[in-house]
Every structure is written in structure tokens, then in C-alpha cells.
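The entries follow in the order in which I looked.

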Amino acid sequence: MAILQILQYPDERLHTIARKVVQVNDVTRKLVRDMAETMYAAPGVGLAATQVDVHEQVIVVDISETHDQLRVFINPEILRHSGESEGEEGCLSVPGIYEKVRRADHVTVQALDQEGKSFTVQAEGFLAVCIQHEMDHLRGKVFVEYLSQLKQTRLRAKLKKRRREAL
Ligand code: NI
């Protein structure tokens, strides 16, 4: 296993649209293992392949406190969504920034598992939020892009300053 480098916003590569996985195989499974290790090490509750510069539709999520309930979604699709709620989100590609985002509070998602088998899951609350957040990454969208232009401009300036100070 390996810990992968996570792209940092506003890296242009975060805007890449991920391809569907054509065949779930050992390469996919290795990617999933590395992504899970990277997510746990960060630590975070979700990671999309886009964030590690692999542009295929793969996401991993684990919202358990014990870090032993890994969920893998390959080629995920939202079949149904309902309700709406606003919650604070963060992202491993935008460290230290937490902002409120409005999303569906119930989603039914269909995806492939690590064996290439199709499954459907109904998610609500925080899990639903995480899945939608990670699926956005696959479409090249980072959660801060839901904010107003003014807020985004301020955020980019803040991150730039922080990066300069870190050097
Ligand atoms: Ni994220």
C-alpha cells in the first residue's frame, strides 16, 4: 500500500472530469487500497480518485469513528434524491476550510464494488453528504465552488498567503 499525494485547491487538475472504470480489476483494487490508506492517514472521511490525480470514477468513504467501515463506490450514480439540508463541509484538498453547503439529505446511489458487482445503497444525513461531496470531485467540482464568487476570491487569497508562509 502507499500513501498518495493529495492535490491541493486551486490545482487545475481538480477540475478534471473522471472517466468511468471500464473493468474493475487488480489495478482498480490497488487504487482503492491506496486511496483508503491515504484517507485514513490524512485523516479524512472521504476521498475521490480525482484528488490523487487519477481520473477514474472511484470514491472511498468511511464515516465511522473506528475507521473500519470502508465503503467503495466505483462508477457511482445517484438514482434518486430528496430533501435538502445545509451542513458544514471540509475537504482534504482544501485543508482547514469549513463552509456550509446545501445538498440533498437522502440519496439512493448505485455503484460497483471492488469485485465489479453492482449494488444500491440508500444514504441519509452525513453519509449522503459525503457521497455527494466525493461524487462532485469526479465531476471536477470542489465544494468551495458552491460559495459566492466574492467568498471564493477571498478564499484563494487566504490559501495563497498560507502557502507562502509555509515555505
Ligand atoms: Ni473533498
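I began with the term salt bridge, which I take as a side-chain nitrogen of Lys or Arg within 4 Å of a carboxyl oxygen of Asp or Glu. I note that this is a predicted model, in which local features need pLDDT of at least 70 and side-chain atom pairs count only at pLDDT 80 or more, while totals for chains, interfaces and linings use all residues. Residues are numbered from 1 along each chain as its sequence is written, and side-chain values use heavy atoms, with hydrogens and water left out.

**Entry: salt bridges.** I found 13 salt bridges in the structure. Arg103 pairs with Asp136, their closest N and O atoms being 2.9 Å apart. This pair links distant parts of the chain, with Arg103 in strand β5 and Asp136 in helix α2, 33 residues apart; helices (H or I, at least four residues) and strands (E, at least two) are DSSP runs numbered from the N terminus. I looked up accessibility with buried meaning under 20% relative accessible area, exposed over 50%, and partly exposed in between (1.4 Å probe, protein chains only). Arg103 is buried at 6%, and Asp136 is buried as well, at 4%. Both residues belong to a network of salt bridges that also includes Glu89 and Arg139.

Glu115 and Arg29 also meet in a salt bridge, at 3.9 Å, N to O. Glu115 lies in the loop between β6 (106–112) and β7 (118–124) and Arg29 in helix α1, so the pair ties together parts that are 86 residues apart in sequence. Glu115 is exposed, at 61% relative accessibility.

**Entry: the largest pocket.** I used a 1 Å grid over the protein atoms alone, where a pocket is an open set of points at which a 1.4 Å probe fits, with protein on both sides within 12 Å along at least five of seven lines, and lining residues have an atom within 4 Å of a point. The largest pocket has a volume of about 330 Å³, the volume being the space filled by probe spheres set on the points, which are joined across faces, edges and corners. It is lined by 18 residues, and those closest to its centre are Val45, Gly90, Cys91, Leu92 and Tyr98. Helix α2 gives the most to this lining, with 5 residues.

**Entry: Val45.** I placed Val45 in the loop between α1 (26–41) and β1 (46–48). Val45 is partly exposed, with a relative accessible area of 34%.
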